[in-house]
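Hi,

Here is the structure I promised to send over.

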Amino acid sequence: MPKEGKTRSGKATAAAKPKKDPNAPKRPLSAYMLFSQDKRAEVKEEKPDVTFGEIGKILGAKWKEADEAERKPYEDKAAAEKARYEKEKAAYDAENPDAAGKKKKPAKKAAKSDDDEEEEVAEKIEEDESE
């Protein structure tokens with residue numbers, strides 16, 4: 001018998017997410033991820049006893065240290081991958097209109113910006129002066 005959907009705290013979990021379509025196009029990798037795929041083997045060769053997490057830290061530091069010339073090929077690949085993904089996604093959405101309509105709910109309204117607060121203060125000042 002399967003377990004009930006509860007968290008560790010004992011609260012019931014939210015409704016199950018709908019299954020993702022396996023035919024949907026995969027999202028493109030970022031420039032950093034393409035860089036890390038290429039450099040992971042080099043780091044592993046240099047330091048064979050390093051853990052997975054430490055490799056990630058080393059790769060992150062190398063990416064930060066990389067100059068524009070070193071980053072450019074990865075950024076170009078990432079841009080090409082993004083263009084490919086957008087093209088495939090548009091074709092997929094055209095073929096599967098049901099899947100295209102399922103989008104996340106919009107985020108809650110953000111807190112008032114500084115501009116909004118300044119406008120409110122200015123309006124209050126104008127009201128006080130007119131009285």
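Arginine 71 lies over the face of tryptophan 63, at 4.4 Å from the ring centre. Please keep in mind that this is a predicted model.

The ring count comes to three aromatic pairs. One of them joins tyrosine 32 and tryptophan 63 in an edge-to-face arrangement, with 6.0 Å centre to centre and 70° between the planes. Tyrosine 32 belongs to helix α1 (residues 31–46) and tryptophan 63 to helix α2 (residues 52–65), so this contact ties together parts that are 31 residues apart in sequence. As for burial, tryptophan 63 has 12% relative accessibility and counts as buried, because the cut-off for buried is under 20%. Tyrosine 32, with a relative accessible area of 26%, is partly exposed.

Another pair is made by phenylalanine 35 and tyrosine 74. Here too the geometry is edge-to-face, at 5.4 Å centre to centre and 90° between the planes. This pair links distant parts of the chain, with phenylalanine 35 in helix α1 and tyrosine 74 in helix α3 (residues 68–95), 39 residues apart. Both partners count as buried: phenylalanine 35 at 5% relative accessibility and tyrosine 74 at 10%.

Terms used
Residues numbered from 1 in each chain as written. Predicted model: local features only at pLDDT ≥ 70, side-chain atom pairs only at ≥ 80, totals over all residues. Heavy atoms only, no water. Phe/Tyr/Trp six-rings, centres within 6.5 Å; stacked < 30°, edge-to-face > 60°. Helix = DSSP H or I, 4+ residues; strand = E, 2+ residues; numbered from the N terminus. Buried < 20%, exposed > 50% of the residue type's maximum accessible area, 1.4 Å probe, protein only. Lys NZ or Arg CZ within 6 Å of the ring centre and 35° of its normal.
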